[in-house]
Amino acid sequence: MASNQISLSAVALELPQSRRPLFIVLVALLFIACWLGASLGAAKFDLFLPFETLAMALGFNGETEVTGIQNIVLNIRLPRVLMAVLVGAALAVSGASLQGMCRNPLADPSLLGISSGAAVGAVAMIFISQKLFLMIPALAHIGPYAISIAAVLGAAITAFAVYHLAQTGGQFQVPTLLLAGVAINSLSIALIGGFNYLADDQALRQITFWLMGSLGGSSWKSVSILFPILGLALWMIHKRRHAINLMLLGEANARCSGIDVDRIKLELLWINALIVGVAVAFTGIIAFVGLVVPHILRLYSDTNYRYLIINSAMLGGALLVLADTASRVIAAPAELPIGILTSLIGAPFFIALLIKQKRALGFVL
Amino acid sequence: MSLRIENLRVSVGNKCLLSDINIECQSDRFIGVIGANGAGKSTLLNVMAGLNAPSSGSVSIDDKDIFEYSASQLAKLRAVLPQHSDLSFPLNAIEVVRLALSLSSMNVSQQHDLLIDCMSRFNVLHLANQNYLTLSGGERQRVQLARVTAQLFSNQNHQEHQYLLLDEPISALDLYQQYQTLDALKLLAKEGVGVVAVLHDLNLASLYCDHLVVLKHGCISAQGSPKQVINENSLKSAFNIDVWLQAHPDTQAPFITPRISQ
């Protein structure tokens, strides 16, 4: 017993430190992804370019002349990379928190229809605003904000609808959850199709953008709008990490452990609607990031939300930067829509996950 | 100072699940709740835990209604083990137990001592670094017992009276672990934690509990010490069984075995 105790005490105390290697790997991955994202592109491939540009921008090497390529790095690639980090982190954390809250590994904002709900809100607002701005030109400058707010509302409506459809007597029914997501998704696509039919050429291009997702519209302005909103939302989810952890054991257990479960669920649904709505408003539907990222982390570590939220944010950011860089480079100078790329990777992953869960739980979908 | 249930009545629709329930649990007692399937044992435990609201009557801890406590205050006074505690994601056993400390402000070495203490009480220390999902049903049950115990112990304000509410804590355990676990619960009661457990094995309940509550169709058909409660008539009435009643050779506690009609 005594020897048992000694070895166990060693192992148990080791745990917080044993998470450090993964953390370091993720930080390094995020850094490398950003570096590649700023170095590669249609205009020029140069791995030293980001450093030269940064040195110039901060005034280290005495030059004041901005070359064309440095301008591209500073004002096009860099905000785009930061945008990808923010949106990737947001989607991954959203997926991780939804999975914890639903106690189900298949939860993801795009699969549950939250993303497409946000897209419906955004598309509806584009459609309305075009008519509205023609009548009242003064409203035109609130356009981007109005679209974001409409997207958040669309996301909130679908999040609450799916959540209530799937919950029966305090239990989440997995098939109902997925079916509700499928139903909401197809309803949203039908609605967007309706707007498609009514829209003119310019609106049509914008609408296609929502459905495929793109980081092409990134600018320092959009980064400066997204950063405080998503930063705050991510921090709010991270603050609820202990509550999500306890909810893994079931709602009754969480309640008995001192968590106000109903309040936390409501808060998490709203935060998720905010995250997904804002992300979709700026970059369109980028699917599967929220599903894949927490699962990759669970393969290498476990489900402890004390670490999973931060790790998801870093891996999600890194993966989306890499995916975006790939989408710019593969078909340069044209761009592949990033939503297609993440779905190409994510959908097979999702199918594999379904097969695994079917085997493990023996349920038939 | 006690966990007290007064004139409790719980009904859902027209169906009355519990009525006229009066129980007082001191914080150094081990109370067993026994009764046939569907007698209302789990409902009683859920109401005592504050998970369900009573239709009338009250549940109070230290003379204060449990609905006047906040969820986090209540979590420091009582811990609850539901019948089923499932986890759908991988987590090591020690991390499952550590979940109980999520809301506490202990430092790492205090946490560590507490985890070791709670896990060794229920013989699960050797499972500390195994994935909870790979454990057997009985091992999971003991890990959960360690978790709810850790929840109470994480409250450093130990002068408060604390209670442990357990719904069938030994249902998945082998005989050896049943004895060990009941010993551990008895020890907890001696240390000042009131234990209320739903049990199915009447002989074990008789041996280990200080006080037994017999439920029948949502009412208390008998309560008192095992010697007062366990007899041929009460068991015939509550469980519809015919038994031989004997005395345990060591403790003289009532001991039953079924009558076999040829």
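Author: Let's start with A:Arg103, which sits in the loop between α4 (68–102) and α5 (114–135) of chain A. Helices here are DSSP runs of H or I with at least four residues, strands are runs of E with at least two, and both are numbered from the N terminus. Keep in mind that this is a predicted model, where local features need pLDDT of at least 70, side-chain atom pairs count only at pLDDT 80 or more, and totals for chains, interfaces and linings use all residues. Residues are numbered from 1 along each chain as its sequence is written, while chains are lettered from A and ligands numbered from 1 in the order in which they are written.

A:Arg103 counts as buried because it has 20 C-beta neighbours inside 10 Å (buried is 20 or more other C-beta atoms within 10 Å, exposed 12 or fewer, partly exposed in between, with C-beta atoms placed from the backbone).

Chain B has its own positive phi, about 50°, at B:Asp62, again not a glycine. B:Asp62 is in the loop between β4 (56–61) and β5 (64–65) of chain B, and it is partly exposed because 13 C-beta neighbours lie inside 10 Å.

Staying in chain B, helix α5 (residues 137–153) has 17 residues and reaches 24 Å from first C-alpha to last, close to the 24 Å expected at 1.5 Å a residue (1.5 Å times one less than the residue count). Of those 17 residues, 15 are buried, so α5(B) is largely enclosed by the rest of the structure.

A partner for α5(B) is helix α6 (residues 175–190) of chain B: their axes come within 12 Å and cross at roughly 5°. That makes the two helices, α5(B) and α6(B), roughly parallel (angles under 35 degrees). From α5(B), the contact is made by B:Gly138, B:Arg142, B:Leu145 and B:Thr149, and from α6(B) by B:Gln177, B:Thr181 and B:Leu188 (contact is C-beta atoms, placed from the backbone, within 7 Å).

Last stop, where the chains meet: that contact takes 29 residues from chain A and 32 from chain B. On the side of chain A, α1 (2–18), α10 (241–247) and α11 (251–256) each give two or more residues, and the largest share, 8 residues, comes from α1(A).

Key
Two residues are in contact if their C-beta atoms, placed from the backbone, lie within 7 Å. Axes are lines fitted to C-alpha atoms, for helices over the stretch in contact, and angles run from 0 to 180 degrees between N-to-C directions. Angles under 35 degrees count as roughly parallel, over 145 as roughly antiparallel, 65 to 115 as roughly perpendicular and the rest as oblique.
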